[in-house]
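Please read these points with the model open beside you.

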Amino acid sequence: MSRLPAPLDRLPFPVIGSPLFIISTPKLVIAQCLAGVVGSMPALNARPAAQLEEWLIEITETLAAYNQAHPERPAAPFAINQIVHKSNDRLEHDMALCVKYRVPIIITSLGAREDINAAAHSYGGVVLHDIINNKHAHKAIEKGADGLIAVAAGAGGHAGVKSPFALIQEIRQWFDGPLVLSGAISTGDAVLAAQAAGADFAYIGSAFIATQEARASDAYKQAIVDSSSDDIVYSNLFTGVHGNYLAPSIRNAGLDPEHLPESDPSKMNFGGDKSKAWKDIWGCGQGIGAISQVQSTADYVAQLKREYASARQRLLAMNYAG
């Protein structure tokens with residue numbers, strides 16, 4: 001087992017909901033936490049910037065009230081995602097609010113900074129950093145991150161190309177801290193498989209888009225239900241960083257998903273005016289073939305837990321028979 005700092009050492013279920021650009025709001029975050037998984041959202045989803053404080057108040061007060069009423073079954077903690085990239089001119093402002101409201105988990109992406117990690121540590125917060133390869137993993141830990149999110153092939157949004165088995169085994173050769181696996185995980189079976197491979201937690205994003213609490217259009221949710229991994233396109237056109245997207249949304253934007261041009265990585269943009277041109281391009285991972293309906297977050301997490309328990313029982317039965 002990994003060395004898990006609080007609050008990661010007492011999660012009721014080993015799943016972290018990934019921060020979904022535009023889609024995650026307090027409504028989804030709170031529903032995830034109450035269902036027993038870490039809920040998260042990008043700080044940049046709050047627009048204008050002043051809205052972030054309103055959202056943090058809503059989340060912290062709602063979860064605190066729930067925990068006071070249910071001390072025997074407290075909610076899971078929540079996380080805020082910070083884009084640590086020069087294009088994010090709100091980083092210092094948003095991080096100061098995270099410190100003020102003592103956000104339990106900070107998820108950093110697209111850059112690692114010692115000062116951001118130190119800010120989280122100043123009040124006991126935990127920092128998990130997105131990485132797509134072992135080199136970036138080393139840098140993140142060297143700069144003070146507490147844990148890693150291994151974004152493997154098949155993950156939605158800004159995904160890597162490494163096999164989850166290759167990425168996890170390389171990281172586990174030197175790192176025994178918190179490790180989260182991202183990449184085409186949509187079922188309880190896959191959550192257990194992530195742990196068997198060496199991760200502590202599974203990172204699930206696309207499946208939560210197809211929930212009632214997600215701030216996504218009905219067409220987006222239905223496209224996830226109707227699509228499979230064959231409908232996922234890997235491109236850097238939309239933000240300057242390679243990611244996975246739903247082909248139907250690319251066609252609706254008047255582009256050919258099979259012949260997309262390459263973007264200049266130096267023009268990366270995450271949330272500025274340029275991003276509005278692609279607001280209807282739908283990020284999604286390869287695990288959507290297992291998503292058959294739009295349902296509440298509570299029902300989806302309950303499904304995950306049933307599948308997880310069933311997979312464990314099958315595994316135990318196999319071991320006993322062997």
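1. Ground rules. This is a predicted model, in which local features need pLDDT of at least 70 and side-chain atom pairs count only at pLDDT 80 or more, while totals for chains, interfaces and linings use all residues. Residues are numbered from 1 along each chain as its sequence is written, and side-chain values use heavy atoms, with hydrogens and water left out.

2. Helix 1 against helix 2. Helix 1 covers residues 26-35 and helix 2 covers residues 51-69. Helices (H or I, at least four residues) and strands (E, at least two) are DSSP runs, numbered from the N terminus. The two helices pack at about 25°, and their axes are 10 Å apart. That angle makes helix 1 roughly parallel to helix 2. Axes are lines fitted to C-alpha atoms, for helices over the stretch in contact, and angles run from 0 to 180 degrees between N-to-C directions. Angles under 35 degrees count as roughly parallel, over 145 as roughly antiparallel, 65 to 115 as roughly perpendicular and the rest as oblique.

3. Handedness and residues of that pair. Helix 1 and helix 2 cross in a right-handed sense. Right-handed means that the near helix is turned clockwise from the far one, left-handed that it is turned anticlockwise, by less than a right angle. On helix 1, the contact (heavy atoms within 4.5 Å) uses P26, V29, I30, C33 and L34. On helix 2, W55, E58, I59, T62, L63 and Y66 take part. By class, nine of these residues are nonpolar, one is polar and one is charged. Ala, Val, Leu, Ile, Met, Phe, Trp, Tyr, Cys and Pro count as nonpolar, Asp, Glu, Lys and Arg as charged, and the others, Gly among them, as polar.

4. Helix 2 against helix 3. Helix 3 spans residues 91-100. Helix 2 packs on helix 3 at about 25°, with the axes 10 Å apart. Helix 2 is therefore roughly parallel to helix 3. Their crossing is right-handed. Helix 2 brings L52, E53 and L56 to the contact, and helix 3 brings D94, L97, C98 and K100. Four of the contact residues are nonpolar, none is polar and three are charged.

5. N244. Is N244 buried or exposed? N244 counts as buried because its relative accessibility is 3%. Buried means under 20% relative accessible area, exposed over 50%, and partly exposed in between (1.4 Å probe, protein chains only). N244 lies in strand 10, residues 243-246. The N244 side chain reaches the backbone oxygen of A155 at 2.6 Å. Beyond its neighbours within four places in sequence, N244 touches residues including G154, A155, G156, G157, Y234 and C284.

6. Cis peptide bonds. A6 and P7 are joined by a cis peptide bond, with omega about 5°. P7 sits in the segment before strand 1 (15-17). R47 and P48 are also joined in cis, with omega about 5°. P48 belongs to the loop between strand 2 (39-42) and helix 2.

7. Positive phi. Which residues other than glycine are worth checking here? I22 has phi near 75°, a positive value in a non-glycine residue. I22 is in the loop between strand 1 and helix 1, and is partly exposed at 35% relative accessible area. A184, not a glycine either, has a positive phi of about 65°. A184 is in the loop between strand 7 (179-182) and helix 7 (188-197). With 37% relative accessibility, A184 counts as partly exposed.

Key. A polar contact is a pair of N or O atoms within 3.5 Å; within protein, one must be able to donate a hydrogen and the other to accept it, and residues adjacent in sequence count only if both atoms are side-chain atoms.
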